[in-house]
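Let us walk through this protein step by step.

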Amino acid sequence: MTCSETILRDDHDLISRIGVPMTFAKDEEIYGQGERADLVYRMISGTVRTSRFMADGRRPIGDFYYPGDVFGLETTGSHSMAAEALSDCVILAASRQAMLAAGGESELKDLMWDATVRDLESAREHLTLLVRKSASERVASFLLGLAQRRGETAVELAMGRQDMADYLGLTIETVSRMITQLQSSGVVEFESCRRFRVRNREALEDLAAA
């Protein structure tokens, strides 16, 4: 049984019951900044990035979404950020109208509440990271967060160094330098540019918690 089949047969919530599976290739846009927010999305596989393009050319990243996450919910009628697939993705999509027609008004409200709380907590953690932590602490926190989420010591990265830099508020050169320092000190080991292994979790946790 595939991952998508497992989730599609799970009736634990409204998106799983009425959502339509959609596939997106790596780097494909899921929705654009300013587009109408008619659909709600749940990740099945892959990784999605949300970002906002600024008038001065900057591109701050809002968040990364992984299997099980819900995204695309907006308090207004349009998307404040764009969403792109960082890898080949399978995503369940359900329109708000279809959810309401299925008698899911209360479920939709609960879903919006849960997603809003998740996004607020993520935004608070992100702000703390940007305001209070040094460059090395930011990179350590990011890598530790990925390892904790996957529950593994060896982690595949869907995002590249530029995405990491944009999310962490650093330059790509600084990110690369911090990764080199973490490797030199034996905290992590990058087996390739998109795969790392945690070698000293205690040291990584100490850096991330600083």
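What pLDDT does the protein average? This is a predicted model, and its average pLDDT is 87. Of the residues, 93% score at least 70.

Strand E2, residues 29-31, has the highest confidence, at 97. Helix H1, residues 3-8, has the lowest, with a mean of 41. Across residues 1-10 the pLDDT is below 50. Beyond near neighbours in sequence, that stretch has 14 contacts in the model. Where pLDDT is low, predicted coordinates should not be read in detail.

Now find the sheet. It is open and has 4 strands, in the order E2-E7-E4-E5. The pairing is antiparallel. E2 and E5 (61-65) are the edge strands, so each pairs on one side only. From one strand to the next, the twist averages 25°.

Look inside the sheet next. Strand E4 covers residues 48-51, and strand E7 covers residues 82-85. These two pair in the antiparallel sense over 4 bridges. Thr50 stands opposite Ala83 in E7.

H6 lies across E4 and E5 and runs at about 125° to E5.

H6 also has a helical partner. H6 (residues 161-168) packs with helix H7 (residues 172-184) at an angle of about 105°. Their axes are 8 Å apart. Why is H6 called roughly perpendicular to H7? Angles of 65 to 115 degrees count as roughly perpendicular, so H6 is roughly perpendicular to H7.

Which residues meet there? From H6 come Arg161, Gln162, Met164 and Ala165. From H7 come Ile172, Val175, Ser176 and Ile179. The residues of this contact divide into 5 nonpolar, 2 polar and 1 charged.

Key:
Residues numbered from 1 in each chain as written. Predicted model: local features only at pLDDT ≥ 70, side-chain atom pairs only at ≥ 80, totals over all residues. Heavy atoms only, no water. pLDDT = per-residue confidence, 0-100. Contact = heavy atoms within 4.5 Å. Axes fitted to C-alpha atoms, helices over the stretch in contact; angles between N-to-C directions. Parallel < 35°, antiparallel > 145°, perpendicular 65-115°, else oblique. Nonpolar A, V, L, I, M, F, W, Y, C, P; charged D, E, K, R; others polar.
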